[in-house]
Amino acid sequence: MIIDDQAIHDRAAILAAAGDHPFVRHSLSPGVPARGYRRDGAVLWLLPPERGLGADAIGPTEPVLEICAALVADGVLRPGHRMHLPRLDPAQVAGRLAVAEFVDWDFHWTTVAPPTQPDEQRVVRLTDADRPALAALVDEAFPDTTTHPDDPRVIDWYGIRAGDRLVACGADRSRGDVGFLAGLTVAPDQRGRGLGAALTAGMTRALLARHDTVGLGVYPDNVGAVRLYRRLGFTDTLSRTAIRLG
């Protein structure tokens, strides 16, 4: 059971408890009602309705799991709810939470502009007229992405063209007061030419004009992408495990 003195009742208090962490700033938008819980250095907050059902958390894994289990017992968290939690081993969760999906990923962020990349000047903001080409590129180059052209979380799409052909794209999925890059991809026959670096650098520079921090997510086994992002300044990392309750 969650007791009253463990509850946090607004975004400012959640941020204070979490040390103003960029992941929390990204997860919770200003002006949106928020409710969270803290225990032994861990902070968990419920996601607003527009984010879907679930919660995010940072801090030590054991108290995070204790909060999750208490919220499941109280009926606050239920099957189908999604959570982004500190990096977990499946053995830690077994017998405590019923989990239908379990995926590791890393949140990287930067507060400084990246080194200028060759071809960065080719990065442009896309328009509605680019939607067919954008959909075709995503289907070809990144079919299992979590960010698609019709995703309501996307503010803008950016891309690189080779003549009339769209050969690279990425989404601005900024939320809260942190910029966020998503769905970065390059056409298979155009890879190895520095377009991924150019796209990432150009988008990061554009988002840093509006935000003091820019983040992105990457699977830890995507070694090439991790190396690229670190080279471009995304050297701060928070390890995550995404789960869906069963």
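**Exercise 1. Work out how strand 2 and strand 3 pair, and what lies between them.**

Step 1. Strand 2 (residues 36-39) pairs with strand 3 in the antiparallel sense, over four bridges. Helices (H or I, at least four residues) and strands (E, at least two) are DSSP runs, numbered from the N terminus, and two strands pair if DSSP finds at least two bridges between them.

Step 2. Look for a facing pair: Arg39 stands opposite Ala42 in strand 3.

Step 3. Now follow the chain between the two strands. They form a hairpin with two residues between them, and Asp40 in the turn has a positive phi of about 50°.

Before going on, a word on the model: it is predicted, so local features need pLDDT of at least 70 and side-chain atom pairs count only at pLDDT 80 or more, while totals for chains, interfaces and linings use all residues. Residues are numbered from 1 along each chain as its sequence is written, and side-chain values use heavy atoms, with hydrogens and water left out.

**Exercise 2. Find the other partner of strand 3, then decide whether strand 3 is buried or exposed.**

Step 1. On to strand 4 (residues 54-58): strand 3 pairs with strand 4 in the antiparallel sense over four bridges. Here Val43 stands opposite Ile58 in strand 4.

Step 2. Check burial, where buried means under 20% relative accessible area, exposed over 50%, and partly exposed in between (1.4 Å probe, protein chains only). Five of the five residues of strand 3 (residues 42-46) are buried, so strand 3 is largely enclosed by the rest of the structure.

Step 3. Sort these residues by side. Ala42, Leu44 and Leu46 are on one side, Val43 and Trp45 are on the other, and both faces are covered.

Step 4. See what lies across this region. Helix 3 (residues 61-73) lies across strand 2, strand 3, strand 4, strand 5 (82-86) and strand 12 (236-245), and runs at about 35° to strand 3. Axes are lines fitted to C-alpha atoms, for helices over the stretch in contact, and angles run from 0 to 180 degrees between N-to-C directions; contact means heavy atoms within 4.5 Å.

**Exercise 3. Give the strand order of the sheet and name the strands at its edges.**

Step 1. Recall the general rule: strands of a sheet pair through backbone hydrogen bonds, either parallel or antiparallel.

Step 2. Trace the order. Twelve strands form an open sheet, 1-2-3-4-5-12-6-11-10-9-8-7, with mixed pairing.

Step 3. Read off the edges. Strand 1 (7-8) and strand 7 (124-125) each have a single partner strand, so one side of each is left without a neighbour in the sheet.

**Exercise 4. Describe the two pairings of strand 11 and its burial.**

Step 1. Strand 6 (residues 99-110) is joined to strand 11 by five bridges, and the two run antiparallel. Thr110 stands opposite Val214 in strand 11.

Step 2. With strand 10 (residues 179-186), strand 11 pairs in the parallel sense, over three bridges. In this pairing, Phe180 stands opposite Gly215 in strand 11.

Step 3. Four of the five residues of strand 11 (residues 214-218) are buried, so strand 11 is largely enclosed by the rest of the structure.

**Exercise 5. Locate His21 and list its contacts.**

Step 1. His21 sits in the loop between helix 1 (11-17) and helix 2 (22-27).

Step 2. With a relative accessible area of 16%, His21 is buried.

Step 3. Not counting residues up to four places away in sequence, His21 touches Leu15, Ile58, Trp109 and Leu238.
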